[in-house]
Amino acid sequence: MIEGIALWLAKLGPRFHRAFIEGNRWRLYLKGLGATVEMTALALCMGIALGVVVAVIRTAHDQQRPGRHNLLLGLLNVVCKIYTTILRGTPMMVQLLIWAFVIFKTSRNMIAVGIIGLGINSGAYVAEIVRGGLMSVDVGQSEAGRSLGLNYFDTMRFIVIPQAFKNILPSLGNEFITLFKDTSLVQAIGGAELAYYASTIGGNTFDCMPPYIGIAVMYLAIVIGLTWLQGKLERRLRQSDRR
């Protein structure tokens with residue numbers, strides 16, 4: 001049994017050499033990793049922008065005074081609720097397929113399509129995260145801002161959102177990590193990212209184990225790094241609160 005394990009380990013070296021070193025294939029992994037990081041960053045920016053807008057609209061609607069209802073705000077709230085319900089209620093894979101083969105079926109830039117799909121999906125989750133954070137801030141904070149002569153948006157920007165940010169940071173960090181991992185789904189629509197190149201190399205070498213194990217280690221290393229950065233930022237914020 002020990003001899004069998006030793007023989008199996010001896011065969012791993014050439015397999016990993018063929019998957020990563022031979023033909024400078026490591027460059028394809030770096031190219032795919034660059035595309036993955038780019039998609040994550042752009043999709044996150046889109047998701048945060050959409051999420052904050054949706055969260056502010058829904059929070060403003062829910063915090064209206066009794067007997068005073070703005071019709072336009074009510075319509076926007078309905079649209080936002082439909083948006084979050086549909087995007088959070090359907091699988092990411094199905095959404096990407098619809099974006100690629102229904103809405104943008106003539107497009108050849110699947111990375112751009114993937115960014116749009118990931119960003120709009122992330123926006124629905126970010127909206128609920130931000131809305132929960134805004135609702136967690138005591139209403140008296142908003143009333144104090146209004147009593148000082150600030151309008152609604154200035155009150156949100158200078159008083160409510162900075163306090164809510166500390167509450168939503170862990171959830172927002174988890175969403176960022178989830179979004180980074182979900183970029184691997186773009187392979188299904190032909191997007192040339194990390195998982196796409198690993199699959200291509202596995203097909204060319206007729207050995208899928210080394211490429212997939214390799215990118216799993218890459219994903220894990222980056223997620224561990226992001227988790228460490230998130231924890232460090234949370235500790236900094238806690239220390240500033242104590243001061």
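Helices here are DSSP runs of H or I with at least four residues, numbered from the N terminus. This is a predicted model, where local features need pLDDT of at least 70 and side-chain atom pairs count only at pLDDT 80 or more, while totals for chains, interfaces and linings use all residues. Residues are numbered from 1 along each chain as its sequence is written, and side-chain values use heavy atoms, leaving out hydrogens and water.

Take Thr205, which lies in helix H8, residues 194-205. Is Thr205 buried or exposed? Thr205 counts as buried because its relative accessibility is 12%; buried means under 20% relative accessible area, exposed over 50%, and partly exposed in between, with a 1.4 Å probe and protein chains only. The Thr205 side chain reaches the backbone oxygen of Ile201 at 2.9 Å. From Thr205 to Ala216, 11 residues along the chain, the C-alpha atoms are separated by 18 Å.

Next, the surface. Lys232 belongs to helix H9, residues 209-242. With 36% relative accessibility, Lys232 counts as partly exposed. Lys232 gathers with Arg235, Arg236 and Arg238 in a surface patch of positive charge. Patch residues have over 30% relative accessible area and no salt bridge, with like charges joined within 9 Å and nonpolar side chains (Val, Leu, Ile, Met, Phe, Trp, Tyr) within 5 Å. A salt bridge is a side-chain nitrogen of Lys or Arg within 4 Å of a carboxyl oxygen of Asp or Glu.

Last, Met93 is in helix H4, residues 92-103, and counts as partly exposed at 31% relative accessibility. A nonpolar surface patch of about 570 Å² includes Met93, Val94 and Leu97 among its residues.

Definitions and conventions
Accessible areas come from the Shrake-Rupley method with a 1.4 Å probe; for residues, only the protein chains shown count as cover. Lys and Arg count as positive and Asp and Glu as negative; His and the chain ends are not counted. The place of a charge is taken as NZ of Lys, CZ of Arg, CG of Asp or CD of Glu. Helices (H or I, at least four residues) and strands (E, at least two) are DSSP runs, numbered from the N terminus. A polar contact is a pair of N or O atoms within 3.5 Å; within protein, one must be able to donate a hydrogen and the other to accept it, and residues adjacent in sequence count only if both atoms are side-chain atoms.
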